[in-house]
Number of protein chains: 2
Amino acid sequence: MNLNVENTKAQMRKGVLEYCILSLLSAEEMYPSDVIAKLKDAKLIVVEGTLYPLLTRLKDAGYLTYRWEESRSGPPRKYYQLTPVGRKFLKELDDTWDELAQAVKKTTRNNPAR
Amino acid sequence: MNLNVENTKAQMRKGVLEYCILSLLSAEEMYPSDVIAKLKDAKLIVVEGTLYPLLTRLKDAGYLTYRWEESRSGPPRKYYQLTPVGRKFLKELDDTWDELAQAVKKTTRNNPAR
DNA sequence: CACCTTTACTTTGCGTCGTCAAGTACCACC
DNA sequence: GGTGGTACTTGACGACGCAAAGTAAAGGTG
């Protein structure tokens, strides 16, 4: 048990990972390293051991597909993209996120720190 | 493994629980059932088995204290309140939340669903 | 071709934590 | 002194992020 800011930050990040990844992939087809780089840009640090299993889960759930593409600098890459079902799912996650943001806003409204 | 909206919603909720609870308690002293009710108002469903251990962790970490108070309709209640350290921690969580919201906004900016 | 580096994908095990479910305890009222 | 409502506790379980080690493909260098 380790209740510090870093840990809580990690907890919060976990909750939105799926959503952010699907959202990134909905805008443009990418392979995992691209996704990690994009997330890093947004200050969401994610490592391989987190991303790969998650992508696999999303694929198994029918939200993602991928195609192999050759690379000039190493092994071939898996380029992921949303399926129609994935797009539908993403729309629901948009609402879910908005609801959560509303909920947080509501519970923190009278927070003296603000 | 069960990748549906309900599950993802639960995941997101997990991430902000600590924050919301501390925030509620910073505004006013409460006992667990009050907290559950307030969270429910904000559409954040939390059950006893989640809240009690979390409050204990927050107390053990030095962020909360409690005092017993008699009740007219049952056993005495533990009224929780933030410690000075808890207030400091909460301030940091405010920043953490803002950062996360920014990050999500950034990754979802080009999401066609929006 | 043997070796090394870089890049990409995979997998195992661990730790944390929310949740379920069952249990304990206190109080009021009849 | 049962009975019902309220409050707090706890053990087992499962999901999942993450660290770390492993496998594999391509290219460069001699």
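1. Helices here are DSSP runs of H or I with at least four residues, numbered from the N terminus. The structure under review is a predicted model. In these terms, B:K43 is placed in the loop that lies between α2 and α3 of chain B.

2. The backbone at B:K43 deserves attention: phi is near 70 degrees, a positive value, and the residue is not a glycine. Most residues other than glycine have a negative phi. B:K43 counts as partly exposed because it has 14 C-beta neighbours inside 10 Å, where buried would require 20 or more and exposed 12 or fewer.

3. Chain A presents a positive phi at A:K43, about 70 degrees, again in a residue that is not a glycine. A:K43 belongs to the loop between α2 (32-41) and α3 (48-60) of chain A. With 14 other C-beta atoms within 10 Å, A:K43 is partly exposed.

4. On the interface, 47 residues of chain B are in contact with 47 residues of chain A. The side of chain B that touches chain A draws at least two residues from each of α1 (5-27), α2 (32-41), α3 (48-60) and α4 (84-107) of chain B. The most come from α1(B), which gives 16 residues. By residue class, this side of chain B comprises 23 nonpolar, ten polar and 14 charged residues.

5. In chain A, strands β1 (residues 64-71) and β2 (residues 74-82) pair in the antiparallel sense, over seven bridges. β1(A) and β2(A) form a hairpin, with two residues between the strands. Within this pairing, A:R67 has A:Y79 of β2(A) as its bridge partner.

Key: Residues are numbered from 1 along each chain as its sequence is written. Chains are lettered from A and ligands numbered from 1 in the order in which they are written. This is a predicted model: local features need pLDDT of at least 70, side-chain atom pairs count only at pLDDT 80 or more; totals for chains, interfaces and linings use all residues. Two residues are in contact if their C-beta atoms, placed from the backbone, lie within 7 Å. Ala, Val, Leu, Ile, Met, Phe, Trp, Tyr, Cys and Pro count as nonpolar, Asp, Glu, Lys and Arg as charged, and the others, Gly among them, as polar. Two strands pair if DSSP finds at least two bridges between them.
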